[in-house]
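Please view the sequence and the structure together while reading.

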Amino acid sequence: MGRHRKQQPASVTRNSVIALTGLVPAGVVATNAAAAVATDPTAASVEMHMAALSAAPVQTMAPAVVDDTAVHAMAKQSPEAPIEVKTVALDPNRARNDLPVAASGIPGIAEAAYINAEQILADEDPGCNMPWTMLAGIGRVESTHMYDGKADTDGNALAPVFGPALDGSLAGNNVIHDSDGGALDGYSGYDRAVGPMQFLPETWTHYAADGNRDGISDPQNYYDATLTAGKYLCSGGLDMTDPAQQTRAILRYNNSMAYVANVMAWAQSYKTGIAPRPAELPRI
């Protein structure tokens, strides 16, 4: 186990979104960032991949009719069989979902997945108090909400989302040798991050969740990926209503206060309807 992106200094500039908006108290920024990795075994394990935009090109398909109430009903059903961790081979000519863009500006299929994960976590891990907007912040930074909702009616990516091979050829990335025989990332020799929430295969296998309750945990499915991200962030008994613990959770994804600033800025924007200005988002 190891980070696939080299550890960045846990600092925040004066003009970062955290400092500008007051999303995290100054004391939290000063103390929590420096201590997060040392006090959090999960944070010291594996973080997600930041370069989702390097994924394979996604095809644009014709819209399909979908009953979103049926999707939510399916998501609330409990699986009768143990969860199977795998990526499902699907017809490349599947139609794209036609859920409208939500009032938040998030693609409908993505917002449905975030809200679904919030509801499941509220039942399964109520002490975490995970808001869907925080998951949306992660999804916005990692893959721009599955490349603006390019998924089928069940939330499966129309084309698999992969990060680059973590073979040391990209500056700033650690070398991560293959952990799954290419089963999830389709690549042998080295790992690469998978799906819209950009999990490394080993981390996915450990936290795998079944968001759409079909008995399968597929990192290329937005419902599964979002719920798995929630489980990962909540693990260790963290409470997202505490800014210090929320920061600690996000640092698990990427040990960078600039990353935390971006995620929390987008999460706040989905609460308020006010999008952050590009100049307010520190470079990750």
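This is a predicted model: local features need pLDDT of at least 70, side-chain atom pairs count only at pLDDT 80 or more; totals for chains, interfaces and linings use all residues.

## Helix α5 against helix α7

Helix α5 and helix α7 (residues 222–234) pack with their axes 11 Å apart, at an angle of about 130 degrees. An angle over 145 degrees would count as roughly antiparallel. The angle here is about 130 degrees, so α5 is oblique to α7. The crossing of the two helices is right-handed.

From α5, the contact takes in M134, L135, I138, G139, S143, H145 and M146. From α7, it takes in Y222, T226, A229, G230 and L233. By class, seven of the contact residues are nonpolar and five are polar. None is charged.

## Helix α5 against helix α8

Helix α5 covers residues 132–149, and helix α8 covers residues 243–253. Their axes come within 12 Å and cross at roughly 30 degrees. The cut-off for roughly parallel is under 35 degrees, so α5 and α8 are roughly parallel to each other. This crossing, too, is right-handed.

On the α5 side, the contact residues are M134, I138 and E142. On the α8 side, they are Q246, A249, I250 and Y253. Five of these residues are nonpolar, one is polar and one is charged.

An α-helix has 3.6 residues a turn, so residues three or four places apart point the same way.

## Residues listed in both contacts

M134 and I138 of α5 meet α8.

How many of the residues of α8 are buried? The count is eight of 11, and the helix is mostly covered. The buried residues are A244, Q246, T247, A249, I250, L251, R252 and Y253.

S256 sits in the loop between α8 and α9 (257–272). Is S256 buried or exposed? Its relative accessibility is 6%. Buried means under 20%, so S256 counts as buried.

The side chain of S256 also makes a polar contact: it reaches the backbone nitrogen of A258 at 3.2 Å.

Terms used
Residues are numbered from 1 along each chain as its sequence is written. Side-chain values use heavy atoms; hydrogens and water are left out. Axes are lines fitted to C-alpha atoms, for helices over the stretch in contact, and angles run from 0 to 180 degrees between N-to-C directions. Helices (H or I, at least four residues) and strands (E, at least two) are DSSP runs, numbered from the N terminus. Angles under 35 degrees count as roughly parallel, over 145 as roughly antiparallel, 65 to 115 as roughly perpendicular and the rest as oblique. A crossing is left-handed if the near helix is turned anticlockwise from the far one by less than a right angle, and right-handed if clockwise. Contact means heavy atoms within 4.5 Å. Ala, Val, Leu, Ile, Met, Phe, Trp, Tyr, Cys and Pro count as nonpolar, Asp, Glu, Lys and Arg as charged, and the others, Gly among them, as polar. Buried means under 20% relative accessible area, exposed over 50%, partly exposed in between (1.4 Å probe, protein chains only). A polar contact is a pair of N or O atoms within 3.5 Å; within protein, one must be able to donate a hydrogen and the other to accept it, and residues adjacent in sequence count only if both atoms are side-chain atoms.
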